[in-house]
Amino acid sequence: MEEETQLAQVLAEFAHTLGTDFSIRRTLDHLVGRIVDALPVTGAGVMLKGEGYELHFVAASNPVVLEIESLQNELGEGPCLAAFESGEPVAIPDLSLDQGFSRFSPRAWQRGLGAVFTFPLKLEGDKLGALDLYRDEPGALDAAEMAAAQTMADVASAYLFNARTREESKELARLSGDEFVIVSEPLTSRSQGRLMAGYVQAALLERFEVSGYVLNMTASVGVAFSGRDQDSPNKLLRDADFAMYLAKRAGGAQYRVLDQLTSFAEAGDILHWGIQNALDRGEFRLAYQPIVDIREGTLHGVEALLR
């Protein structure tokens, strides 16, 4: 009964973080520490998928678990990697008898670990990582304990998915360098667009202090509307970027609203805007094309191409 109460408390604490902006590392550190109180295990660790398909250590409840978690990547084998790849739990109730991981299990046993139980972290078909639970002494978890551990893994997966989506949204907001995007669905007219641009500029005009220095900031704002000719996010962003270019060209610290009428009225500036954008973002590439006499097979020169 006490274990059930502790488990419910851990799940409640962890579920609460779904609505917070706690960092992934901070939340998972808390999770692996509290799992030890809720289940008959002595250690816990989490590894998450990196930018590629490899797993990276993220959290551990004690130094031995930290060492063993990292060891799996070093050896290229272990229950964490197996559960991640298969999407199924892996249970090794006695590491001294395990034959499945010939290099990992003996090393874990030598470091004083007796058993390990691993649960994949996944959501909607997306593999996120794996949760490892360790015991100092050999012994299996019963069905209820395995189910409780799986529930924790599922809640952790939901949090990780939510946190990753939140972080990606913070990034989709920053277009590049000092350019940021605001998406406002209720806007339907040029007057509303001008009003929104004015709000943004007014907010940025407020002075702020950094390390004892008072700073002033201005912004050039470009507004574009979605519609029949803006049926893709990329085109809408391009139009907003072009409107911002017009605001900068007019002297900066201004705003321009671009719609279907002005898109063509300002068409003469599009080429210049495109070239300037390509220069700013380093998109031009110099290529050399050889000029060859095909009859003699000799090189006569090269042609430089700016693409």
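Predicted model: local features only at pLDDT ≥ 70, side-chain atom pairs only at ≥ 80, totals over all residues.
Residues are numbered from 1 along each chain as its sequence is written, and side-chain values use heavy atoms, with hydrogens and water left out.

Let me begin with the sheet, where helices (H or I, at least four residues) and strands (E, at least two) are DSSP runs numbered from the N terminus. Five strands form an open sheet in the order β2-β1-β5-β4-β3, with antiparallel pairing, and two strands count as paired if DSSP finds at least two bridges between them. Because β2 (55-60) and β3 (90-92) stand at the edges with a single partner strand each, one side of each is left without a neighbour in the sheet. Neighbouring strands are turned by 20 degrees against each other on average, direction ignored, where axes are lines fitted to C-alpha atoms, for helices over the stretch in contact, and angles run from 0 to 180 degrees between N-to-C directions.

Within this sheet, β4 (residues 115-123) is joined to β5 by 9 bridges, and T118 stands opposite D132 in β5. Strand β5 covers residues 126-135 and includes D126, whose side chain makes a polar contact with the side chain of K49 at 3.5 Å; such a contact is a pair of N or O atoms within 3.5 Å, and within protein one must be able to donate a hydrogen and the other to accept it, with residues adjacent in sequence counting only if both atoms are side-chain atoms.

Now to helix α4, residues 79-86, in which P79, C80, L81, A83 and F84 are buried, meaning under 20% relative accessible area, with exposed over 50% and partly exposed in between (1.4 Å probe, protein chains only). Just after α4, G87 takes a positive phi of about 75 degrees. The helix α4 lies across β1 (43-49), β2, β3, β4 and β5, and runs at about 145 degrees to β5.

Finally, which residues form the stacked aromatic pair? They are F242 and Y245, at 6.2 Å centre to centre and 15 degrees between the planes; rings of Phe, Tyr and Trp (its six-membered ring) pair if their centres lie within 6.5 Å, and planes under 30 degrees apart count as stacked, over 60 as edge-to-face and the rest as tilted. Both F242 and Y245 lie in helix α8 (residues 233-249), 3 residues apart, and both are buried.

Note on methods. Contact = heavy atoms within 4.5 Å.
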